[in-house]
Amino acid sequence: MERAQSGPSGKAMTFAVDIDASKTEHGENFPVASLLITPRLRAAVLSFYRFARAADDVADHPTLSESNKFARLDALEDTLLGRAETAKPALPLRHVLAERGLAPTQPLDLLTAFRGDVTKRRYADWAELMQYCRYSAMPVGRFVLDLHGEDRSTYAYSDPLCAGLQVINHLQDCGRDYRVLDRVYLPLDMLDGHGTGVEALAAPIASPALRACLASLAGRTGDLITEATELPLVVKDRWLGLETGSIVRLAQRLIGLLTTRDPLSERVHLTKAGAVLEGVQGAAATFVARFARPAAFTFTGKQR
C-alpha cells in the first residue's frame, strides 16, 4: 500500500503504508469477542479490535518518524470513511459500520487518542489521564454496546470499566513504556506527591516511593471497576452480561496483584489458566446475580 506525501521540495513522494496488527485478540489481558459474545456479532467486534490494534501499533512503533505515524493514522481514517482503500485493517470495520448503520464516532475517537500518543509522553494529573482514556478506551466499550443495541445509559458503567482496564495496562507496562517509548502514563503530580519521579521507572526494582505511588493508582483504578460492577447486570443481552462480568472479575484480580506486587520486577499478569478460572467465576457470579433480578430483565436478554 502506498500513500502520497509532499517532500521537502514540494513534490509528491510515496512510501509504503504497511499497516497491520502486531498480535491477535488472544494476546490481550482481557477477553476480546470471547465465546460468550453472541456468535453473529463476534466478527464485528473483532473488526473493531483489529482496527484499534493496528492504530495502536502505529502510534507505538519504535522507529517510525512522527510524520509517518500521522500519515498512517490518516490512512486508517481515510479508509474507514471511504475516502481511500489503502489501510487494510480499516476495511472490515467500514463494512460493519455500513451494514449495522453505526456512525464512525467510536473508531474516530480512538484515532484521536493514538494521534495524541505520537507526541504526548506525560500526564499532569488523574483528570488528564482520564481525558486520555475518554478517547483511548471508552470508545471500545461504547462500540460494543452500540453493536448490541444497548441503551446509551449503559455508557455510565462501561466508561469506568474501560478506563480502569486501560490504567491496569498502564500500570503493568509502566517500566517498558518508559524505557522503550519514553512515555509515562502515571500522573506526574502523584509521582511527585510520593517523593519520586519518572526516572524511577528505569530501575530494575521499584523504590518504596514508586511502589506506594503504584499502589495508590491501583486503588483509584479499583474505584473505577467498582463503578462498573453494575454493567453486567444492566445490559439487556445476556451473553454480553456474562462477558462483562468475567472482565470485571479479571480486572479486580489484576488490581489485587498490582496493589501487592512490583511491576518492574514481578509478574503482574495472570497465567492463561488463571485468567480462564477468574473469567469463569465472574461469568458464573453474573449468571446468578442476573437470575436474582428478574424485575429488570429475563435471562433471555429481553426487557420486560
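This report walks through a predicted model of one protein chain, from its overall make-up to single residues.

## The chain as a whole

The chain holds 13 helices and 2 strands. It has 304 residues, and buried residues make up 49% of them. Among contacts between residues at least 6 apart in sequence, 68% join residues at least 24 apart.

## Aromatic pairs

A pair of aromatic rings is described by the distance of the centres and the angle of the planes. How many aromatic pairs are there? The count comes to 4. Two of them are set out here.

| Pair | Arrangement | Centre to centre | Angle between planes |
|---|---|---|---|
| Phe48 and Phe143 | stacked | 4.3 Å | 15° |
| Tyr123 and Tyr185 | stacked | 5.5 Å | 20° |

Start with the phenylalanines. Phe48 lies in helix 1 (residues 39-60) and Phe143 in helix 6 (residues 138-147), so their pair ties together parts that are 95 residues apart in sequence. Both Phe48 and Phe143 are buried.

Now the tyrosines. Tyr123 sits in the loop between helix 4 (105-119) and helix 5 (126-136), while Tyr185 sits in the loop between helix 8 (174-181) and helix 9 (188-193), so this pair ties together parts that are 62 residues apart in sequence. Tyr123 and Tyr185 are both buried. Ring pairs also bring in Tyr132: Tyr123, Tyr132 and Tyr185 are linked into a cluster.

The charged end of Lys120 is over the ring of Tyr123, 4.9 Å from its centre. Arg134 lies over the face of Tyr135, and here the distance to the ring centre is 4.8 Å.

## Helix 3 and its two sides

Helix 3 covers residues 91-100, and its buried residues are Leu93, Arg94, Val96 and Leu97. Where do the buried residues fall when helix 3 is seen down its axis? They fall within an arc of 160°, so they line one face of the helix. The face turned away from this buried side carries the exposed residues Ala98 and Glu99.

What do the buried residues of helix 3 pack against? Their partners are helix 1, helix 2 (66-80), helix 4 and helix 6. Just after helix 3 comes Gly101, which takes a positive phi of about 65°.

## A buried arginine

Arg142 is found in helix 6. Is Arg142 buried or exposed? Its relative accessibility is 13%, and the cut-off for buried is under 20%, so Arg142 counts as buried. Leaving aside its neighbours within four places in sequence, Arg142 is in contact with Gln106, Arg134, Tyr155, Ser158 and Asp159. One of these, Arg134, is the residue that lies over the face of Tyr135.

Asp151 is found in the loop between helix 6 and helix 7 (155-172). With 48% relative accessibility, Asp151 counts as partly exposed. A polar atom of the Asp151 side chain lies 2.8 Å from the backbone nitrogen of Ser153. Asp151 and Lys236 are 85 residues apart in sequence, but C-alpha to C-alpha they are 8.7 Å apart in space.

Asp182 is in the loop between helix 8 and helix 9. Most residues other than glycine have a negative phi. Asp182 is not a glycine, yet it has a positive phi of about 50°. Its relative accessibility of 35% makes Asp182 partly exposed.

Thr229 lies in the loop between helix 10 (208-228) and helix 11 (231-234). Thr229 is partly exposed too, with a relative accessible area of 34%. A polar atom of the Thr229 side chain is 2.8 Å from the backbone oxygen of Thr226. Leaving aside neighbours within four places in sequence, Thr229 is in contact with Val248 and Gln252.

Methods
Residues are numbered from 1 along each chain as its sequence is written. This is a predicted model: local features need pLDDT of at least 70, side-chain atom pairs count only at pLDDT 80 or more; totals for chains, interfaces and linings use all residues. Side-chain values use heavy atoms; hydrogens and water are left out. Rings of Phe, Tyr and Trp (its six-membered ring) pair if their centres lie within 6.5 Å; planes under 30 degrees apart count as stacked, over 60 as edge-to-face and the rest as tilted. Helices (H or I, at least four residues) and strands (E, at least two) are DSSP runs, numbered from the N terminus. Buried means under 20% relative accessible area, exposed over 50%, partly exposed in between (1.4 Å probe, protein chains only). A charge sits over a ring if NZ of Lys or CZ of Arg is within 6 Å of the ring centre and within 35 degrees of the ring normal. Contact means heavy atoms within 4.5 Å. A polar contact is a pair of N or O atoms within 3.5 Å; within protein, one must be able to donate a hydrogen and the other to accept it, and residues adjacent in sequence count only if both atoms are side-chain atoms. The arc is that of the directions from the helix axis to the C-beta atoms.
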